[in-house]
Amino acid sequence: MSEFVHPVERRMTISAADEERLRTQLERTWYVPRGIIGWCSVADHKTMGKRYIVTAFCFFTFAGILAGLMRLQLAVPNNHFIGPDLYNQIFTVHGTMMMFLFAVPVMEALGVYLVPLMVGTRNIAFPRLNAFSYYVYLFGGVMLVVTMLLNTAPDVGWFSYVPLAGPDYTPGKRADFWAQLITFTEVAALAVSVELVATIFKARAPGMSLNRMPLFVWSMLVTALMVIFAMPSIVTCSSFLLLDRLVGTHFYNPAEGGDSLLWQHLFWFFGHPEVYIIFVPALGIVSSIISAFTWRPIFGYSAMVMSLVATGFIGFGLWVHHMFATGLPALGLEYFTAASIVIAIPTGIQIFCWIASLWRGRPRFHTPLVFVLGFFAIFVLGGLSGVTLASVPFDLQVHDSYYVVAHFHYVLLGGAVFPLIGGIYFWFPKMTGRLMDDRLGKVNFWLLFIGFNITFFPMHILGLEGMPRRVYTYPDNMGWNTLNLVSSLGALLLVVGGALFVYNVVRSYRWGLAGSDNPWGAETLEWSMSSPPPVYNFLHIPVVEGRCALWDRSADAPIVTGIRSDVREVLISDVMDAEPINVAEYPEPSIWPFLCAVVTSGFFIGSIFTPWALPVSILPLAVTLIGWFWPKKRDRERAIEEQDEDRRLHDAA
Amino acid sequence: MTPPDAATMRPPDTRRVLDVSVLPRTVFGHQGLIWWGTAGFMVIEGSIFVIALVVYFYLRLQVTDWPPSLPNPGLFYGTLNLATVLLSLLPAYIAKTKAEKFDLAGVRLWLTILVLFGVAAVVIRAFEYFALNCRWDDNAYGSIVWTLLSMHTIHVATDVVDSMVLLTLALTGPNTKTRFVDYSENSLYWYFIVAWWVPIYVTIYLMPRWL
Amino acid sequence: MFDPHGPIARSIATHGWWLLLMSIAVYLVVMVALLIALGRRRREIDDQPETTRRLTRNVSIAVALTVVILVGIAASSVVSGRGIYSPSGAGAVTVDVVGHQWWWDFQYHDVTPSDVFTSPNELHIPVGLPVVIKAMSTDVIHSFWVPNLMGKRDLIPGIVTNTWIQADEPGVYRGQCAEFCGHQHAHMALEVVAEPMNTFQAWIRHQREPAAEPATDEERRGKDVFMQSTCVTCHAIRGTDAGSHLGPELTHVASRLTIAAGTLPNARGHLAGWIANSQSIKPGNRMPPNALTPDDLQAVLAYVRSLR
Amino acid sequence: MTGFWRTTTCLALMSELSLFAAGCQREVRPFQELAVASARTQNQSPFQKNAYGTAEGKRLFDQYNCSGCHAHGGGGMGPALMDDKWIYGSEPANIFESIVEGRPNGMPAWRNKIPDQQVWELVAYVQSMIGQESIDVLPSRSDHMRYSTPENARRAQTPVQTHTP
């Protein structure tokens, strides 16, 4: 494959009738199947993306309720409302669920929904893999919920330190469920990342060279690459944990040459990038919203991109700052202090660029922007407390205290969830065709903002006063009573705010104002089609003429033709310049990914109980995988088409 | 003030189009989409191998003797396997070239030979487990050695099965041009597996003698 | 952090206050910049090259300032870190801090084996002198933390690390486990008693003594009950037949401030409740409920309370 | 066709759920709620199918130095506990009796030295040594030097009554 074939540029008349015909045909080709089997066969990125988002928010609600229970327990000292056994399960499931079943998946879900729309293609790359990953994620998440309801939930913390989580100190299967939950979510997250990277690199519309890619797409790219390099580490260490527990290997047994710090290294080598995996997509959301509500491109595009990429790299170099108290050599610790501090620079650059963008534009204070402003107020504080934590001496004092709890809720809730909710308000009209209520949205914002600060700000002080994390109760005479009570009352506001958000979503979904294609006048390609988008996304694949795809579009912007509409063809382009180089055909919807996910889940859950799950699952797994890739009717058609084509070329020659 | 959206303007009667109907529908290598999926998973699995190897050396630092109070693994079967998989690169390479020339007969022949090599590697691998001279639950050394070997075995076995399925498809059809991309990618993945056997072989069999 | 009573805690506190003030200042500056950006009276279009140039300059200055502040923080961190890693002088005493689920054992070493003793959940140190701590654990990872005196040090099974602690004023300082260690992580506290050197030495001398012989009939009966019941299976009392070290040593239990690892004050009522059914106080701890008759319980209480 | 897949899915889900259901009893942490007293009369260990109780039993087996004679179940001065030979019976009540009352030739009576709750935990562990327990309850390796195959990897034995050690 040496020579590039170049697409032909010309002018042609496209009548309304032609477009209508095209539309009908595309709708038939890119159909979304119905019925129960159809429901399990869908391969459309928008349907899967929406399911992903809704599922993630269900887990968010569940984990939020658990958080409410914890605040209830901690409202007063020496409380006997929840015993230690249940409390440990609750805080473990809260953390695990928020990190692995909400934060990472919901960001990837947004990517699954938006990236193909933003880069101008008809579906995500490897759509069946995408469906598979969703079901694996769903089954894994349901497994954790069920364990919580059956008193079998992990009770060793979301970090699952050995030896506490090892076979000797956590009998039963609680920690095994944790380890396998990790496997479930990692398989899903890794698969989605590969799809996103392939989509972003290879399926961009002509003209969208790397330096014209929307910042949201950049942030998803960085996130996906971070997932690809970080998650293998936790897959490895949680598998080792499972092996230790199930078949008696000695990875973490110091008496037989293992080491419990090995777990911490492997876990945090994933665990720290994990924070950025959650946070970087949020940066993309913030950029999207700010540019849409100031009607100006983000100030300092190149600096923003460089910062995102730098964050992705530096995020891998600072895992040891979670292990300052383990007694590692001082020189090593100082290196990690420096690295942890350095990562504040790219974040600072982005904050300054956003402020400059707001300065330059004329902000319109709709709910999405208001949430982004809330993000500034909360996240900057969380970021600064993060810088203080990077300093070894200070960290030794506040490590594993409520100061840290306050810090990461400021960073994760403020840095990721506020932009995310803003993003939901922002993209809701695109996803459903209806606007969310703006007035309720602002009430919603203030409830969440005030509730958040009342809940989490006192925790800074509690931590500085010496209250450790992960305690199910605390003594009466420590002077921690008032602040804990205040914090619990704030949690009440958060619950109300969360409920109002759900109410607004449901109400707007049914009765909201119908929105236009581009209600905010935003710049990116997803706003160019109808709301909600048609199954095939773009009637004509657009040609992108500038960094702001819609704002820079000339009146006579070219469109792409010559992609077949009777089969699922998509345009594949060059990595750097998005030059069209070939055309690929995506597969039809299929039930096999679902079945494969069922078998995979069976294997994962079975291997909690017995190593025989592996040999038993191999055959069904092979069957479903072969079914997945086995030639379909379409392949036979295609083989015949190709033969005809060859014959025609041969005759012509 | 309105959004700077020029698209609201009425399009002219004739439109500029970029006709891509001339572009190829079947491509090999990194120009195509499939390659990126394969590469993505190779990177992920490669990272897992790297981490497992790092763990091996980390565990080495925890004890004074290596292997701790166990005999060294026997060299014969591991080395035999190394020779086998290195030799198998040849049929893999030829199968790939044939696939990229859409030469069905060639693909059938060389894929068969590749499958035979693969089966041989799996059979030899079974003997390797006995030659390790340790059990996974003896100590941490045994655990990591068994894990490394098993991780690689899973890859070998998966790709052998994969090759068998592809061989069946090659024999039964329909052989679309995209199918030839699969034949080609299969060899690429086999390269990846063979390439990883070299450092894993050195670690499992030679490191206990050197460290 | 607010109330430091030792050199480590003080150095951390100074550094910490500096960090916090710096953070507050930066936060205020950023927020003010944001508010100005939002509230600024603006022209219709502000894309002139002049504005862009000015913004670029301002952003660059802000980034440069960030770098300067961060370098300052790193430097300050390294400087105050130096003082924390190595003790301010030769250690007066060396204590093994051993973590158990869910109590602490402090082992005081001595060249004479008979002078070695343990002081569960209560660490006595001389005022004004550094005390070397060897941190270790017998089961899972714990973390030794006395907020008023020092930062944390993890107790990791299979690894022994050294650190130090020092109090500048006499007093009782509460510490607590800071690494999640299972059911009763919340109730794994300790007391550090800092006292002048002569008091400390008197305490050491007293702790080396074997247990007091029971003086009254009830105490004698209590001792018999103790030795013939389940108590003796886990607890040691030096000078008697009780020699098991599964639970905390009780040789001088009555001299301690708290029971159940800082959970309850060491009073007769609490002790009675603890012996009868510790699971209702600290669910999941390793001490089983003891179905003693009321008479036996009173006798054991009398005996244990006599172990000063 | 639809019906087939629906049935398959339902079956898969149900089998998953049944695995979970077994979890309830396995995962209880019975710190004090147990009616230990009635257990003896019912000839049933209160820690049957309870992973926590079995694991506590394993810890106590070590701490009370049972291994001093029984050597982690392999046998030494005392009879092996890992084989299928049972001199005094393998029912929970028999094992309870052996521990509490002692047996001739060296097994001391632990009456009043080990509380009933802990004896029952030991009973649960001794039973688990020969695999008389479901696989999800059996303990795995401990954080010590390896002495034998972990309990959950051993072949289950059928106890046989013998009269010679």
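1. Helices (H or I, at least four residues) and strands (E, at least two) are DSSP runs, numbered from the N terminus. On that basis chain B of this predicted model has 5 helices and 1 strand. Their order along the sequence is β-α-α-α-α-α.

2. The overall form of chain B deserves a remark. Its radius of gyration is 24 Å, whereas the globule rule gives 17 Å for 211 residues, so chain B is more spread out than a compact globule. Along the principal axes, the C-alpha atoms of chain B fill a box of roughly 85 × 60 × 25 Å. Buried residues make up 42% of the 211 in chain B. Take the contacts in chain B between residues at least 6 apart in sequence: 81% of them join residues at least 24 apart.

3. Next, the contact between chains A and B. Chain A puts in 70 residues and chain B puts in 58 residues. On the side of chain A that touches chain B, helix H7 (residues 215–247) of chain A gives the most, with 7 residues. That side of chain A holds 41 nonpolar, 16 polar and 13 charged residues.

4. Strand pairing also links these two chains. Strand S3 (residues 559–561) of chain A pairs with strand S1 (residues 14–19) of chain B. The sense is parallel, over 3 bridges. Within this pairing, Ile559(A) stands opposite Val17(B).

5. Which residues have the most contacts inside the largest nonpolar core? They are Ala56(A), Met97(A), Phe102(A), Ala103(A), Val197(A), Val217(A) and Cys353(A). The core itself has 371 residues. Leaving aside neighbours within four places in sequence, Val217(A) is in contact with Val115(A), Met118(A), Val119(A) and Ile200(A). Another core, of 19 residues, lies apart from the largest one. Among its members are Phe61(D), Phe96(D), Ile114(D) and Val119(D).

6. Chain C has an open sheet of 3 strands, in the order S4-S10-S9. The pairing is mixed. Why do S4 (122–126) and S9 (171–176) of chain C each have one side without a neighbour in the sheet? Both strands stand at the edges with a single partner strand, so one side of each is left open in this sense. From one strand to the next, the twist averages 25 degrees.

7. Within that sheet, S4(C) and strand S10 (residues 189–195) of chain C run parallel, joined by 5 bridges. Ile125(C) has Ala194(C) in S10(C) as its bridge partner. Helix H3 (residues 197–208) of chain C packs on the sheet and touches S4 and S10 of chain C. The direction of H3 makes about 135 degrees with that of S4(C).

8. Chain C also has antiparallel pairings. Strand S1 (residues 93–100) and strand S2 (residues 103–108) of chain C run antiparallel and are joined by 6 bridges. S1(C) and S2(C) form a hairpin, with 2 residues between them. In S2(C), Asp105(C) is the bridge partner of Val98(C). S2(C) also pairs with strand S3 (residues 117–118) of chain C, antiparallel, through 2 bridges. There, Gln107(C) stands opposite Thr118(C).

Note on methods: Residues are numbered from 1 along each chain as its sequence is written. Chains are lettered from A and ligands numbered from 1 in the order in which they are written. This is a predicted model: local features need pLDDT of at least 70, side-chain atom pairs count only at pLDDT 80 or more; totals for chains, interfaces and linings use all residues. Two residues are in contact if their C-beta atoms, placed from the backbone, lie within 7 Å. Ala, Val, Leu, Ile, Met, Phe, Trp, Tyr, Cys and Pro count as nonpolar, Asp, Glu, Lys and Arg as charged, and the others, Gly among them, as polar. Two strands pair if DSSP finds at least two bridges between them. A nonpolar core is a set of buried Ala, Val, Leu, Ile, Met, Phe, Trp, Tyr and Cys residues joined through C-beta atoms within 7 Å. A residue is buried if 20 or more other C-beta atoms lie within 10 Å of its own, exposed if 12 or fewer, and partly exposed in between; C-beta atoms are placed from the backbone. Axes are lines fitted to C-alpha atoms, for helices over the stretch in contact, and angles run from 0 to 180 degrees between N-to-C directions. The radius of gyration is taken over C-alpha atoms; the globule rule is 2.2 Å times the number of residues to the power 0.38.
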